[in-house]
Amino acid sequence: MAGQLAAELRQFGIAAACAERSILSPLLPTRVRAQLVREAIRIGRLDVPSELGAAESSVYTKRMVATCIESLRLLEEAVLSAQRCDDAALLTETAVAVHQVALPLLHPEFSKLVHRPLALAAAALEAVDSPLSELRAQLHAELARCELRSQYLHKARAQLAKCLALDVADEAAQQRLDRVLRPLAERLTLRAEVWSEPEGLEQRAVLRLERALGTVDSKLRKAALTEAVALLDEAPLLKEGDADASRERALLWSELLGACWKDRLSALTRRCAMRLLAWPVDAASEARVGRAQAEAHFALAETKVLSLARRGRAPCVRPAPPHVSDAPPRAERAMREGGAEGASAAEAKAEAEAAAREAGEKAKGAAALEATAATARLGESAAAAAAAALLLAIDDEPPPASALSLAVAVDEAAALEHILAGMRLARLCGEGWLLLNGSVHLHNLSAAALAALPPSGGSLPLELVDALRACVRHLRSLPAESLRSDLPSLQLVCALSTALARAQLALARAGGDPRPPQPDDEEEYAAAEGKEGGEEGGKGKPKAAAAKPAAAGKEAKGAGPASELAGAAEVLQWACALAEGQLHAKGEALKTLVSVQRAQGAKEPWEVPSTEAGAKALALLEALRLGVRDDAAALDAVLGALSLPDGAPLRLPELWAQLAERALAMARMPVVVRACGVCLSLLKQRQDVPGAPALAPSEWRPFAQAEWLHGAALGQLAGAKGQAAELSAQLRTQAAAHLATATEYSLHAHAPVHVARCASAFWAHALPLARDGATRAATATMTRAVLGTLRQAQLLDAAAG
């Protein structure tokens with residue numbers, strides 16, 4: 001009892017001590033309760049903030065899922081032990097513990113893992129005729145869903161029958177169960193009676209839908225869905241005032257829409273979505289239908305993006321002529337001098353066009369790579385990912401903006417309109433998670449356009465800028481704590497804030513928004529949310545946006561470049577403050593803030609409003625990259641910012657690698673060697689930790705970069721003019737060793753292109769070393785290792801296609 005009480009009070013040390021003593025008891029009930037205490041400690045520690053800065057109990061991380069699965073396995077043994085004790089109270093305790101641990105795993109992917117523990121818990125409560133009827137009903141309902149996913153219809157019907165037979169004391173809970181389970185029971189009955197055909201068109205449509213969901217063959221599934229949509233279209237209109245039947249019809253359209261879009265049946269998806277959106281509904285009072293309509297808007301947007309991808313176009317990408325400084329020197333001179341020095345006007349024009357094509361191809365390639373990375377990071381939209389990939393398939397010479405087809409422009413505008421409409425409905429329904437889903441759709445849609453935006457200028461469609469403004473305004477209405485506690489949501493917020501700031505920066509460089517100011521709709525949301533209790537609507541629900549953000553977004557429209565830049569800076573500062581303590585999440589936002597403050601004319605644009613360790617170093621590195629600073633004092637300032645007061649380095653290998661890159665560009669070899677040494681020492685420290693998890697491919701990249709830069713720096717020193725021959729040979733040997741290690745680390749990072757680059761640099765040093773008898777044997781060993789790495793990289797590249 002003491003251990004259970006300590007675990008409830010989060011005194012895990014006391015609880016663990018009690019469990020260790022109780023587990024040695026000769027009494028089986030005591031040992032079972034000690035096991036319950038152990039599992040309570042295991043699950044309770046997920047509530048303690050982790051290295052990511054947030055508790056993992058409500059976030060689907062690998063550690064959280066693995067912990068719950070292991071705890072369920074041990075609780076399953078505890079239930080079996082409790083059944084031998086003939087103790088009703090102990091059986092109830094174990095069943096309650098199983099249900100609490102299984103709640104985060106009630107997902108289709110984990111059905112097979114939770115089925116047996118839930119079945120044991122339900123059987124235990126049924127054996128003692130437990131009065132916890134609501135808990136028993138929930139267990140039987142979840143078991144019915146598990147059986148249904150496995151296509152065991154009769155078992156699912158038996159579990160539903162047990163659930164519906166229970167008399168739940170709480171009337172509200174009973175109504176909730178009836179509302180969800182009775183339609184499910186009717187559908188199971190339809191599916192089980194294979195030789196009978198229902199009379200009503202709606203029931204026949206439901207039967208076709210269930211057959212489609214249970215069919216593996218895609219052609220049969222498409223035929224069943226087509227027939228279901230046609231039958232539901234022909235169903236008679238419902239009587240006015242029958243709210244329940246109307247709601248069920250709308251939700252049926254929503255289910256059909258989801259099934260059609262899962263198979264990417266665009267025509268059927270649009271047909272279902274239009275029927276669903278035509279349903280009159282008050283989003284505040286009918287939240288389920290409101291959510292379904294919001295998801296219908298998102299599905300319609302995805303169909304538009306998919307249509308663009310099939311035409312070989314990425315959404316909202318506008319080709320821009322390259323900046324004059326981006327052109328080759330000969331073409332730039334021809335443009336500047338006109339026809340002087342033997343270059344006629346026609347030749348100058350031809351050279352300029354060739355330079356534009358070359359720069360456009362470079363920008364297109366970089367844009368495709370960045371867009372692919374963005375959609376892989378937030379891969380909720382298969383259509384957007386396909387559009388980003390198809391950016392490479394654009395013609396060699398992109399057509400001018402005036403040549404864009406009307407169909408493409410219509411699809412782009414419709415996609416943005418549907419995403420914003422879905423987000424408006426999600427906010428009116430008070431569903432924060434649905435707002436985040438809409439934000440993911442907009443992020444994926446805008447990724448290719450932002451990646452294709454050249455650093456020196458360019459433009460974006462004004463509709464896209466407005467959509468990003470509205471999206472960020474919606475995100476700012478969400479509770480800050482709920483965003484901070486979920487790392488993927490925080491990364492999404494920072495990414496969209498950075499996207500908006502980049503769009504506003506491009507708009508400011510183009511002279512500002514030429515349109516008159518447009519009113520926002522914050523008052524509508526404030527009025528709707530006021531009906532539901534204002535800001536106290538519950539955790540995770542949107543609240544009315546503050547007056548300052550709304551005003552900032554309103555002033556930015558129809559204003560000049562200064563107002564655009566001010567709005568971009570304000571949004572970035574909000575995102576950076578929200579992600580305080582999460583440097584990896586807000587890294588791009590900090591870099592963009594430096595660019596914005598530079599455009600504003602700040603004397604020290606690298607000064608960012610953040611006290612976080614590493615933020616100052618990141619801002620200074622961005623200033624060095626942009627050329628705002630090019631002095632040695634900046635490198636020393638970065639070194640100071642990356643060191644703790646006691647002189648120990650910050651554990652940020654990405655920043656140490658970036659520092660080495662900047663120092664190499666400035667020919668500061670001592671700083672390069674020191675930064676690379678610190679970066680690689682962090683790798684050794686991590687590898688020396690017993691039981692440390694293996695590094696992900698993305699985590700290997702800074703270490704591969706550090707080895708590459710270290711080898712490049714030593715190679716430059718070896719080839720320096722006047723260098724002694726003996727010292728040059730030693731430096732070449734060390735450079736070759738670092739480059740050989742760089743090929744290995746690049747392979748771990750799944751970067752075959754960088755493997756080839758490192759191998760090429762290695763060979764430039766290995767060739768003269770192989771001619772020297774003193775270094776020939778060591779060089780041969782390194783060469784064999786590099787050749788093996790190249791072979792593995794070739795296989796990796798072939799597997800990736």
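Biologist: What should I know about the numbering and the conventions?

Modeller: Residues are numbered from 1 along each chain as its sequence is written.

Biologist: What is the average pLDDT of the protein?

Modeller: The average is 77, and 78% of the residues score at least 70. pLDDT is the predictor's confidence in each residue, from 0 to 100.

Biologist: Where does pLDDT stay under 50?

Modeller: Residues 320-349 are one such stretch, with 26 contacts beyond four places in sequence; a contact means heavy atoms within 4.5 Å. Residues 532-539 also stay under 50, and there the model has five contacts beyond four places in sequence. Where pLDDT is low, the predicted coordinates should not be read in detail.

Biologist: How many helices and strands are there?

Modeller: The protein has 34 helices and zero strands. These elements are DSSP runs numbered from the N terminus, with helices being H or I of at least four residues and strands being E of at least two.

Biologist: And how much of the protein is buried?

Modeller: Buried residues make up 47% of the 801 residues. Buried means under 20% relative accessible area, exposed over 50%, and partly exposed in between, using a 1.4 Å probe and protein chains only. Among contacts between residues at least 6 apart in sequence, 69% join residues at least 24 apart.

Biologist: Turning to helix pairs, how do α14 and α19 cross?

Modeller: The axes of α14 (residues 287-310) and α19 (residues 432-451) come within 11 Å and cross at roughly 10°. That makes α14 roughly parallel to α19, a label for angles under 35 degrees. Axes here are lines fitted to C-alpha atoms, for helices over the stretch in contact, and angles run from 0 to 180 degrees between N-to-C directions.

Biologist: Which residues meet there?

Modeller: On the α14 side they are R291, A294, E295, F298, E302 and V305, and they meet W433, L434, G438, H441 and L445 in α19. This contact divides into six nonpolar, two polar and three charged residues.

Biologist: What about α30? How does its span compare with the expected one?

Modeller: Helix α30 (residues 669-687) has 19 residues and reaches 27 Å from its first C-alpha to its last, close to the 27 Å expected at 1.5 Å a residue. The expected span is 1.5 Å times one less than the number of residues. Its buried residues, including V672, C676, C679 and L683, pack against α28 (632-641), α29 (653-665), α31 (697-718) and α32 (725-748).

Biologist: Last one: is V37 buried or exposed?

Modeller: V37, in helix α3 (residues 28-44), is buried, with a relative accessible area of 6%. The C-alpha atoms of V37 and F12 are separated by 9.5 Å, and the two residues are 25 residues apart along the chain.

Note on methods: Predicted model: local features only at pLDDT ≥ 70, side-chain atom pairs only at ≥ 80, totals over all residues. Heavy atoms only, no water. Parallel < 35°, antiparallel > 145°, perpendicular 65-115°, else oblique. Nonpolar A, V, L, I, M, F, W, Y, C, P; charged D, E, K, R; others polar.
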